[in-house]
Amino acid sequence: MNSAVPLIEIFSSLQGEGELAGYRQIFVRFPGCNLDCAFCDTKIEAPAVCSVESAPGSGQFQELAQPVSLETLIGIITRWCKQLPGAHHSISITGGEPMLHADLLARWLPELNILLPIHLETNGTLPEALPQLIEHLDFISMDIKLPTSAATPALWQEHKRFLEIALERDVSVKVIVGELTTEQELLQACKLVAEVDDEISFIIQPVTGRDGRVAVAPERLMKFQAVAAKKLCDVRVLPQMHRFLEVA
């Protein structure tokens, strides 16, 4: 209970991406990332203070001294669950890339999991860190980073090894597509998932432009869906819902 880490923010909101879109969660955002994706719009540097909502869902934040201890985080989540009983579906462990903090999470998650189910949002490129956490996770949302849309090196083998371990839990895959994404590249991602389990939910998420509008033409998204549906049983096209609702 005495471990601590700098956090970016703690807030209550609706999940806007992936299989759990629409559920209300308590988000705990960790700093740092091992990738530098072209479309990333998330602050990942550890700030001097952690931003915490003054009341769950208020959108009003106050400053919390760094680093944040597990005891402090448990206190915040416990208070919010009492204020809004039954409102929160789960705790979203997000980033940046939270798996960079796997050793700490191995100590934190058993305590947090007592309060609510745990949802891990990850880029799925650090498979060696997952085994120590897997028993304390309920949901895993794993990104597959396509080289053209993310402007990152190909990470196919890392993604596959991560997904093979993540299969022990309720896991879904999210692929962000843009105007540069090719059908061949998307098909490679689909084949990777199908080799592990073709019933894993596969979410195609179009890039959202700076103006808040989907930056991929509808007909292109329809083609992508058709390509993926040839290989996988559960394919969905879901934009970033929270951008339309203008929530965090």
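This is a predicted model: local features need pLDDT of at least 70, side-chain atom pairs count only at pLDDT 80 or more; totals for chains, interfaces and linings use all residues.

1. Residues are numbered from 1 along each chain as its sequence is written, and side-chain values use heavy atoms, with hydrogens and water left out.

2. Strand β7 (residues 90-94) has 5 of its 5 residues buried, buried meaning under 20% relative accessible area with a 1.4 Å probe and protein chains only. Ser-90, Ser-92 and Thr-94 lie on one side of β7, and Ile-91 and Ile-93 on the other.

3. Strand β3 (residues 24-29) runs parallel to β7 and is joined to it by 5 bridges, whereas β7 and strand β8 (residues 118-122) pair in the parallel sense over 3 bridges; pairing requires that DSSP finds at least two bridges between the strands. Ile-93 of β7 stands opposite Val-28 and also opposite Leu-120 in β8.

4. The axes of helix α4 (residues 156-166) and helix α5 (residues 183-196) come within 9 Å and cross at roughly 30°, and the two helices are therefore roughly parallel to each other, a term for angles under 35 degrees. Residues in contact (heavy atoms within 4.5 Å) include Trp-156 and Leu-163 in α4 and Leu-192 and Val-193 in α5. The residues of this contact divide into 6 nonpolar, 2 polar and 4 charged.

5. α5 also packs with helix α6 (residues 218-229), at an angle of about 35° and with the axes 9 Å apart. Among the residues making this contact are Leu-186 and Leu-187 of α5 and Phe-224 and Val-227 of α6.

How values were computed
Axes are lines fitted to C-alpha atoms, for helices over the stretch in contact, and angles run from 0 to 180 degrees between N-to-C directions. Helices (H or I, at least four residues) and strands (E, at least two) are DSSP runs, numbered from the N terminus. Angles under 35 degrees count as roughly parallel, over 145 as roughly antiparallel, 65 to 115 as roughly perpendicular and the rest as oblique. Ala, Val, Leu, Ile, Met, Phe, Trp, Tyr, Cys and Pro count as nonpolar, Asp, Glu, Lys and Arg as charged, and the others, Gly among them, as polar. Buried means under 20% relative accessible area, exposed over 50%, partly exposed in between (1.4 Å probe, protein chains only).
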